[in-house]
Each structure stands twice: as structure tokens, then as C-alpha cells.
Amino acid sequence: MANKQSAKTDAWKLFDHIVAGAAPDGVHSNPWVKESEGSLRFEPDYDTLERLLGVPLHLKASTQSGVPALALDVWLSYELRRAGFRPEQVWPKPTNPRVLPAAIKALIDWLPTKLGAQVGERVDKNPSIPGVTSSSAAILGKNYLKQVDVIITDWATGPELLVSTKRMDSSYGKNAPNRVEESYGDAKNLRLRHPLAALGFVFGLRSDILHKEPKTAEWLFDLLVKLGQEDDAYHATCLLLMEYADDVVLPGAELEPPPEGILEPGPEPEAEGEDEPASIPDSTIDEVIKRLPVVKVRHDRTPAALSPGRFLAAMVSRVLGATPVNMHEEARRRRASILAG
């Protein structure tokens, strides 16, 4: 089993390679599809998602390492870039540092070429520079700071999109109530301070719950739907049912992940191991990705109200609906080009 530090370092290397391969030279496919009646549907890239979900299984990364849930964050930020949001707008970014304020990127681009390259290189080498960049993002809600997993924000606009992700691979009856309770509290805290931001929740769940604990699954699916319908909670919620073999089960999956809790103000903690060198050589990374454990996303048992495509369409549409037409122009152009086609 990979230790916590090397697991996260290796995971980022594999995640970045998978995402880069899905968008050669930074060119992303357009996720919008025109329906027969003239409406638009968001078609997620499930192939990329399934490869990303295989990474923590290959690394045997424990729940406590944060790597299993990180696969969801990486995929969601990738999908938002497919929708047309710029790489520096969506956190986590596909390169270090994972959280880089747009103003810092603009400053680096504005500097004289040589100086800009030097500053950019120094920023890129550090996963976390206190007060400048970060390996994760915390947002102040009504009463407390909360780590949010996927974000679109800028100093001029404030938070525009806030998505929290959670993942559960076993012990469903024991862990599910705590995960839902935490999520509801997070929604209230963030929504009250940022009412215009698109607020979403994505829940990754191993599909064996359907036969191991069917009553828990029924209860959980119903509650997730309701969390996306309340006026003061999430604007949309999403379920990702993950199917994979028993011989690649995550170590410690039966243990409840530590609660994220309330973040205290102050200096950001050091990134855990993310500046450690990866143990996977560049020469073997393609072979490693080819041999990743097989994970399938189950669509047949996912309620329509919790489908990933519906969720992403709702998030993107809410961001665009809450901003002027001269903002997020590429995201608007991508939708309009499909409607006009």
C-alpha cells in the first residue's frame, strides 16, 4: 500500500496524464449535444472519469489519503473546462499549483518575459505559497471557513461555483447519515453567504450497496434528490455509482473518513507530500494507465434527478445565468455553437 504522501504525489501524476491525454494540447471537446426538440444536453466524458477512478484502486490509496475523493474533483474540474471555463478559473487546476488566483496569473503574464518566466517557474514548483497559492481552497461561509473541492472564483466576482464531493465505498448504513448531515450543514453555511454562486454536491458511491444494503441505497438516493430541491440547500446534486471488482477494494474502505469540519483561520497547512517526487517514471506512465483497474459508472440505477449530465448542465447554466454576457464568453460560445448547428 502506498503511504499517504507518495499516494497523493503519484495520484496527481497519473491524474494529470489522463486529463492531458483527454484534451491534447489543451483542446477540450465540446460537451453539449443538441436534442431532437432543440434543447441542449450535457454529455460527460465517462471514459475519462472511469480511468481517473481506477487510479486510487491501482495505488491502493486509503480513504484517509484523500486520493479516492480527489479523483472526483479532478474529473469535475476537467468537465468544467470542457464546458468552456478557462484552466486558471477552475480549481483544482490541471497543473501545479492547484489553486492559483486569476490575478496572480495575470501578473505573471504582464511581467517582462524573462522575469515572468522566472516568477512562473517558482510558483509552479510550489504546491502551496502562503497567501498566494494553495493545494486546496477554503471559502468563508456564513459562520465559518469551509474547504470546497471544486471552485470557480475571482476577486472581482466572488465565488461563482462551489461543489463539494464525498465518496463512500463501504459501511454504508454506518457512514451515510454522517456524510449527508455534514453536506447539509455545508450547504446552509455556504449558501447564506454566497446566494448567487452555483452550489452543488457530488456523491461517489460503490455500486455494491444496491445488493448489500438496498434499503440504505433507497433512502440515500431519495435524500440526495431532496438535497437538490430545497430552496436553501444545493442547486443540484449528483450520484456517481462506481462498479469495480472485489480484488481491488480500497484499503481501509470500511473506515469512516475523517470529517472535514470547520477550518480555523490562519496560515494554510503545508501540502501533504505533494512536493515529494513521484515514484512512477515518465517512461512507464502510459503502461501504468493501460493496466489501471476497470471501473464502470452505473447509469442504469442512477436516478434521473441525480445524473451527472443533468448536474453539470445545471451548474454551468447557473453560472452563466448569474453573470453578464461579456463574461465566460467561451462557455457561452460552446453552447451557442451547438444550438446553431
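Student: By class, how many nonpolar, polar and charged residues are in the lining of the second largest pocket?

Tutor: The model is a predicted one. In it, the second largest pocket holds about 290 Å³ of space. It has 16 lining residues, and those closest to its centre are Ala23, Gly26, His28, Arg81 and Pro87. Sorted by class, the lining has seven nonpolar, four polar and five charged residues.

Student: Which helix supplies the largest share of the lining of the second largest pocket?

Tutor: Helix H1 (4-22) and helix H11 (329-340) each supply at least two residues of that lining. The largest share is three residues, and the helix that supplies them is H1.

Student: How many cavities of 30 Å³ or more does a search of the whole structure find, and what volume has the largest cavity?

Tutor: The search of the whole structure finds two cavities of 30 Å³ or more. For the largest cavity the volume is about 40 Å³.

Student: Which element gives the most to the lining of the largest cavity?

Tutor: The residues that line the largest cavity are Leu76, Leu80, Val150, Leu161, Val163, Phe311, Leu312 and Met315. By class, eight are nonpolar, with no polar and no charged residues. H3, strand E7 (158-168) and helix H10 (308-321) each supply at least two of the lining residues. The element that gives the most, with three residues, is H10.

Student: By class, what residues does the lining of the second largest cavity have?

Tutor: The second largest cavity has a volume of about 30 Å³. Its lining includes Trp12, Asp16, Arg81 and Lys93. H1 gives the most to this lining, with four residues, and H3 also supplies at least two. By class, the lining has five nonpolar residues, one polar and three charged.

Student: Are H2 and H3 roughly parallel or roughly antiparallel to each other?

Tutor: Helix H2 (residues 46-59) and helix H3 (residues 67-82) pack with their axes 8 Å apart, at an angle of about 155°. Angles over 145 degrees count as roughly antiparallel. H2 and H3 are therefore roughly antiparallel.

Student: By class, how many nonpolar, polar and charged residues has the contact of H2 with H3?

Tutor: H2 passes H3 in a right-handed crossing. On the H2 side, Thr48, Leu49, Leu52, Leu53 and Pro56 take part, and they meet Val67, Pro68, Ala71, Leu72, Val74, Trp75 and Tyr78 in H3. By class, the contact has 11 nonpolar residues, one polar and no charged.

Conventions. Residues numbered from 1 in each chain as written. Predicted model: local features only at pLDDT ≥ 70, side-chain atom pairs only at ≥ 80, totals over all residues. Heavy atoms only, no water. 1 Å grid on protein atoms, 1.4 Å probe; cavity = no way out; pocket = protein on both sides within 12 Å on 5 of 7 lines; lining within 4 Å. Points joined across faces, edges and corners; volume = space filled by probe spheres on them. Nonpolar A, V, L, I, M, F, W, Y, C, P; charged D, E, K, R; others polar. Axes fitted to C-alpha atoms, helices over the stretch in contact; angles between N-to-C directions. Parallel < 35°, antiparallel > 145°, perpendicular 65-115°, else oblique. Left-handed = near helix turned anticlockwise from the far one by under 90°. Contact = heavy atoms within 4.5 Å.
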